Amino acid sequence: MIMRGEVLTFDQATGMGAILGDDTARYLFHATQVRTPLPLTRGQKVDFVPGADLQATEIFVLQAVASATWAGQSVSRGGPFDLGRVIQRTFTTIRENAAIFFGAATVMVGAPSAVMGLGQSTVVTDGGAAGFLTMAAGWVFYLAGLYMVQGMVMKAAINGFNGKTTSFSQAFDVGVKMFLPLLGLAIIAGLGTGLASLALIVPGVIVAVMWSVASPAVVVEQRGIFESLQRSRDLTRGYRWNVFGLMVIYVILSWIIGAAVGALGLATGGGFFDGSPNLWVNVASGVVVNILSAVVASAGVAALYYELRTVKEGAGPEVLAAVFD
């Protein structure tokens, strides 16, 4: 099986190098496996045969690249934006970090979601103040957990793109550190998008697309809130239709998940409008949807940010992951 990738490193003295495959794995190689006469430089696109031991063989260089500079480091442009590659990286990093992502999301998003669901059910059945207080408490903890999960996912995802593993404690440290900046960003971005939507739906969508990778700018580049919003505008410029297409795909995916949850409600005796009469089915389905949404959305934004950085600035995974070292 032939795979496409790009050269990460190559040492002419030793003949050893590394390739980032389109499956986001890192493959090592020796110069004796290169079948074309072009000199190898970072960022070159190559076709190769991946080995089970993460060794690359039968390497063919597809194109040479011009050197560029980012933050004082020699880098190269990463070619055209690839929507399929973003989606693939999203679910690859979810699979490789499933224990961290779903473990964190279950505790920090799932548990508060269950509290909110129970509070909502109490309001419907009893109408007392206890239900409203339970819902409010659940919402506060859900909000805190959601933005901590975002920071954790981005830490593990960026490290994964560089072939590095991340422990739960390492990811948790980033989640705690970035909670307040991400919460502040969400408030400002939400207000901006909401105000734009008051005029027309299209401006609201445009603003959401422009600011779609502001959160990774906060976590990875450790920028301020307004600086991160501007950074996102710069990164998405020229690729906003691609970003919009990705958002549409994720919305469709959320609809599919919602339809599956609705079908579960019908199967347990509920209706299209009044849901399931089974309290625990309602609570559990809401928990599952919120966990999946938190993980997929956070991983998707991290993959999108990485793709934009690569195609616009040539900042490969080693550059991006260096901020955590």
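The lining of the largest pocket contains 24 nonpolar residues, nine polar ones and no charged ones. The model is predicted. The pocket holds about 1,000 Å³ of space. Its lining counts 33 residues. The points below cover the pocket, the helices and the strands.

**Largest pocket**

- Gln150, Ser212, Met247, Ala297 and Val301 are the lining residues nearest the centre of the pocket.
- Helix 9 gives the most to the lining, with ten residues.
- At least two lining residues come from each of helix 3, helix 4, helix 5 (201-210), helix 6 (214-220), helix 8 (240-267) and helix 9.

**Helix 3**

- Helix 3 covers residues 129-161, which makes 33 residues.
- At 1.5 Å a residue, helix 3 should span 48 Å.
- Gly163 follows helix 3 and has a positive phi, near 75°.

**Ser298 in helix 9**

- Ser298 sits in helix 9, which runs over residues 279-313.
- Is Ser298 buried or exposed? Its relative accessibility is 4%, so Ser298 counts as buried; the cut-off for buried is under 20%.
- Leaving aside residues up to four places away in sequence, Ser298 touches Gln150 and Val153.

**Ile188 in helix 4**

- Ile188 belongs to helix 4, residues 168-199.
- Ile188 has a relative accessible area of 28%, so it is partly exposed. That class lies between the 20% and 50% cut-offs.
- Which residues does Ile188 touch, not counting residues up to four places away in sequence? They are Trp211, Ile225, Phe226 and Leu229.
- Leu229 is 41 residues from Ile188 along the chain, and their C-alpha atoms are separated by 9.4 Å.

- Strand 4 (residues 45-50) pairs with strand 1 (residues 3-11) in the antiparallel sense, over four bridges.
- Within this pairing, Lys45 of strand 4 stands opposite Glu6.
- Strand 4 is also joined to strand 5 (residues 56-61) by four bridges, and these two strands run antiparallel.
- Val46 has Val61 in strand 5 as its bridge partner.
- Five residues lie between the strands in the hairpin of strand 4 and strand 5. In this hairpin, Leu54 takes a positive phi near 60°.

Key: Residues numbered from 1 in each chain as written. Predicted model: local features only at pLDDT ≥ 70, side-chain atom pairs only at ≥ 80, totals over all residues. Heavy atoms only, no water. Expected span 1.5 Å × (residues − 1). Buried < 20%, exposed > 50% of the residue type's maximum accessible area, 1.4 Å probe, protein only. Contact = heavy atoms within 4.5 Å. Pairing = 2+ DSSP bridges. 1 Å grid on protein atoms, 1.4 Å probe; cavity = no way out; pocket = protein on both sides within 12 Å on 5 of 7 lines; lining within 4 Å. Points joined across faces, edges and corners; volume = space filled by probe spheres on them. Nonpolar A, V, L, I, M, F, W, Y, C, P; charged D, E, K, R; others polar.
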